[in-house]
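Subject: Structure handover

Hello,

Here is the structure you asked about. My notes follow below it.

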Amino acid sequence: MAVVLSPEDNVFQTGIHEKLHVLKVGGQTRAESVRNGLSDLLKSGLAEETDNILVHDAARCCLPQAALLRLIETAGACEEGGILAVPVADTLKRAADNAIDATVPRRGLWQAQTPQLFRAGLLHKALAVPDLSAVTDEASAVEMLGVHPLLVLGDTRNLKLTLPQDEYIVRLLLQQAD
C-alpha cells in the first residue's frame with residue numbers, strides 16, 4: 001500500500017503501518033501524482049505491470065467495504081479494469097451565462113467514484129502522455145487508449161468531501177459502523 005504526497009508535505013505521519021509506503025512524489029494535479037507514484041512503485045519493484053492498482057482519493061473517506069470488495073471481485077480479473085460509480089439520480093442542467101441552456105437526459109449517465117482499479121501496466125501507459133490536462137481521473141486516461149473500463153456499482157455513502165457542507169454528512173457517516 002502506498003500514499004502519494006507532495007514533496008513538501010511535513011504533516012503526514014509516517015510509521016502508521018509497516019506495509020504503508022509513503023511516496024513524496026506528488027505533482028501539481030491528481031494525474032501527475034498518480035503517474036509519479038505509479039512510476040515509483042514500478043521502478044522500486046513494489047509493483048509489477050500485471051498487478052492490479054487501486055487508486056483512491058483521500059477526499060472519499062467513507063468507502064464502504066462492500067463497495068470495495070465488489071470492485072475488486074468484478075474488475076480485478078478484467079483487462080479493462082473498472083471504477084466504482086453510481087447512476088446519476090438528479091436532473092442535470094447545462095448552463096449558459098448563469099441560466100439553464102438545456103436539461104441533459106440522465107439515462108446512461110454515471111457519477112464516477114474512487115477507488116478505480118487498473119493493471120499497473122495499462123495505467124502506466126495511459127498516464128505516460130506528455131499532456132495530462134484532459135485527464136480527470138484514471139478511467140479517462142485509460143479511455144483515451146480506446147479501452148472501456150467497467151462500471152461497478154458504487155455506494156452513495158462514498159461521497160467526496162468537497163464542499164464545506166459535506167463535512168456534516170461525512171461526520172455522520174464516520175460515526176456509523178459499516
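Ser140 touches Ala134 and Val135, leaving out residues up to four places away in sequence; a touch, or contact, means heavy atoms within 4.5 Å. Please read this as a predicted model, where local features need pLDDT of at least 70, side-chain atom pairs count only at pLDDT 80 or more, and totals for chains, interfaces and linings use all residues. Residues are numbered from 1 along each chain as its sequence is written, and side-chain values use heavy atoms, with hydrogens and water left out.

Back to Ser140. This serine lies in helix H4, residues 138-143. Helices (H or I, at least four residues) and strands (E, at least two) are DSSP runs, numbered from the N terminus. Is Ser140 buried or exposed? Ser140 counts as buried because its relative accessible area is 11%. The cut-offs: buried is under 20% relative accessible area, exposed is over 50%, and partly exposed is in between, with a 1.4 Å probe and protein chains only. A polar atom of the Ser140 side chain lies 3.0 Å from the backbone nitrogen of Thr136.

Now the sheet. It is open, has 4 strands in the order E3-E7-E4-E8, and its pairing is mixed. Two strands pair if DSSP finds at least two bridges between them. The edges are strand E3 (52-55) and strand E8 (150-153), each pairing on one side only. From one strand to the next, the twist averages 35 degrees. Helix H2 (residues 65-75) packs on this sheet and touches E3, E4, E7 and E8. The direction of H2 makes about 150 degrees with that of E8. Axes here are lines fitted to C-alpha atoms, for helices over the stretch in contact, and angles run from 0 to 180 degrees between N-to-C directions.

As a reminder, strands of a sheet pair through backbone hydrogen bonds, either parallel or antiparallel. E4 has both kinds of partner: strand E7 runs antiparallel to E4, while E8 runs parallel to E4. Strand E4 (residues 82-87) is joined to strand E7 (residues 110-119) by 5 bridges. Between E4 and E8 there are 4 bridges. Which residue of E7 is the bridge partner of Ile83? That partner is Gln116. Ala85 has a bridge partner on E7, Ala112, and another on E8, Leu153. E4 is mostly covered, with 5 of its 6 residues buried.

Thr114 and Pro115 are joined by a cis peptide bond, with omega about 10 degrees. Pro115 lies in strand E7.

Next, the core. A nonpolar core is a set of buried Ala, Val, Leu, Ile, Met, Phe, Trp, Tyr and Cys residues joined through side-chain atoms within 4.5 Å. The largest one has 22 residues. Leu38, Ile53, Phe118, Leu123, Leu127, Val135 and Val142 touch the most other members. Two or more residues come from each of helix H1 (30-44), E3, E4, helix H3 (120-126) and H4. H1 gives the most, with 5 residues. Take Ile53: not counting residues up to four places away in sequence, Ile53 touches Leu38, Ala47, Gln116, Leu117, Phe118, Ala120 and Leu123. A second, separate core has 6 residues, among them Leu71, Ala75, Leu84 and Val152.

Leu23 sits in strand E2 (residues 21-23). Leu23 is buried because its relative accessibility is 11%. Neighbours within four places in sequence aside, Leu23 is in contact with Ala2, Val3, Val4, Leu5, Gly37, Asp40 and Leu41. Leu23 and Thr156 are 133 residues apart in sequence, and their C-alpha atoms are 30 Å apart in space.

Last, a loop. Asp97 lies between strand E5 (92-96) and strand E6 (99-104), and Asn98 is in the loop between E5 and E6 too. Asp97 has a positive phi of about 55 degrees, though it is not a glycine. Asn98 is not a glycine either, and its phi is positive at about 65 degrees.

Regards

How values were computed:
A polar contact is a pair of N or O atoms within 3.5 Å; within protein, one must be able to donate a hydrogen and the other to accept it, and residues adjacent in sequence count only if both atoms are side-chain atoms.
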